[in-house]
Amino acid sequence: MPTSALIALAHPGIADAVELLAKNGSFSALTVFRGTERLVVFNDTATAGRQAADITHEAAHGLLLHEPTTAIDELGCRAWDDRVEAEATHLGACLLIPARGVRYWAKVGKGIDEIAQHFGTSIELARWRYNINGGRRIAASSSRR
Ligand SMILES: [Zn+2]
């Protein structure tokens, strides 16, 4: 049974929303709310690193207690709040690659590719976490010793 059919059984109407988002080429993941239950629906055709980022992004929305909103507005457009999305993206990235982890790996001379592989993320996410946590400075400082 296709995943979309399983989702439709569990949450009527969600399969239509996912299909619409997928047609726009923008579907990565979303959280479905039903009472106190939350169901994360994600694009399992994405790379493993992307799926990890998408799932932790959705988990971050929950941890940050972001209010549920509609994914599609009344005009059929993607509903989007830049501030809320940036918060979830940042926390999701921190959950996947903690600052302390980046600093450790940089200190022992590991590069961005190795950090991405270790934490199971994309190269882009590892680069972001490496740069924002001073990875290059730490690696340079450690190599001079
Ligand atoms: Zn989001």
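Two residues are taken to be in contact if their C-beta atoms, placed from the backbone, lie within 7 Å. By this criterion, residues 24 or more positions apart account for 55% of the contacts in the protein chain with a separation of 6 or more. The model is predicted: local features need pLDDT of at least 70, side-chain atom pairs count only at pLDDT 80 or more, and totals for chains, interfaces and linings use all residues. Residues are numbered from 1 along each chain as its sequence is written.

The protein chain holds eight helices and two strands (DSSP runs of H or I, at least four residues, and of E, at least two, numbered from the N terminus). Their order from the N terminus is α-α-β-β-α-α-α-α-α-α. Of the 145 residues, 21% are buried (20 or more other C-beta atoms within 10 Å of the residue's own).

Beyond its neighbours within four places in sequence, I115 contacts I97, V102, W105, K110, A126 and Y130.

The axes of α6 and α7 (lines fitted to C-alpha atoms over the stretch in contact, with angles from 0 to 180 degrees between N-to-C directions) come within 8 Å and cross at roughly 110°. The two helices α6 and α7 are therefore roughly perpendicular (65 to 115 degrees). I112, D113, I115, A116 and F119 of α6 meet I123, A126, R127 and Y130 of α7 in this contact.

Methods:
Angles under 35 degrees count as roughly parallel, over 145 as roughly antiparallel, 65 to 115 as roughly perpendicular and the rest as oblique. A residue is buried if 20 or more other C-beta atoms lie within 10 Å of its own, exposed if 12 or fewer, and partly exposed in between; C-beta atoms are placed from the backbone.
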